[in-house]
Amino acid sequence: MDIEALKKEVKEVIISSLQLEDVTVQDIKDDEPLFGEGLGLDSIDALELGVAMKKHFGVKFSSENEENQSHFASVNALAQYIAKEKDGQ
């Protein structure tokens with residue numbers, strides 16, 4: 001799986017699922033935090049994003065899983081998690 005293409009796809013899903021009209025793929029840095037500083041997403045965005053990632057990529061996130069915070073830390077982290085999950089299927 002091409003990780004660069006995957007990162008671009010993750011950014012596209014973030015933008016479309018959260019309806020970030022003024023944000024482009026180029027605006028989102030791979031290592032920038034998605035929550036708080038950085039992109040500035042909040043907990044409601046996290047829920048929507050989790051659902052969108054599940055729908056688009058077929059990966060699951062458990063609400064009890066404490067690793068979710070690290071998976072959603074940045075585009076890099078999200079892409080690595082998705083790639084790992086896809087390879088394990």
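Setting aside neighbours within four places in sequence, Val-10 is in contact with Met-53, Phe-57, Val-75, Leu-78, Ala-79 and Ile-82. Keep in mind as you look around that this is a predicted model.

In soluble globular proteins, nonpolar side chains tend to be buried together.

Now step back to the whole chain. The protein has 4 helices and 0 strands, so from the N terminus on its elements run α-α-α-α. Of its 89 residues, 35% count as buried. Among contacts with a separation of 6 or more, 57% join residues 24 or more positions apart. The C-alpha trace spans about 35 × 30 × 20 Å along its principal axes. Because a compact globule with 89 residues would have a radius of gyration near 12 Å, the protein's 12 Å agrees with that expectation.

Finally, look for the largest pocket, which holds about 370 Å³ of space. It is lined by 15 residues, and Ala-46, Leu-47, Phe-61, Asn-68 and Phe-72 are the closest to its centre. Both α2 and α3 (68-71) supply at least two residues of the lining, with the largest share, 5 residues, coming from α2. By class, the lining has 9 nonpolar, 5 polar and 1 charged residues.

Technical notes:
Residues are numbered from 1 along each chain as its sequence is written. This is a predicted model: local features need pLDDT of at least 70, side-chain atom pairs count only at pLDDT 80 or more; totals for chains, interfaces and linings use all residues. Side-chain values use heavy atoms; hydrogens and water are left out. Contact means heavy atoms within 4.5 Å. On a 1 Å grid over the protein atoms alone, a cavity is a set of points where a 1.4 Å probe fits but cannot get out, and a pocket is an open set with protein on both sides within 12 Å along at least five of seven lines; lining residues have an atom within 4 Å of a point. Grid points are joined across faces, edges and corners, and a volume is the space filled by probe spheres set on the points. Ala, Val, Leu, Ile, Met, Phe, Trp, Tyr, Cys and Pro count as nonpolar, Asp, Glu, Lys and Arg as charged, and the others, Gly among them, as polar. The radius of gyration is taken over C-alpha atoms; the globule rule is 2.2 Å times the number of residues to the power 0.38. Buried means under 20% relative accessible area, exposed over 50%, partly exposed in between (1.4 Å probe, protein chains only).
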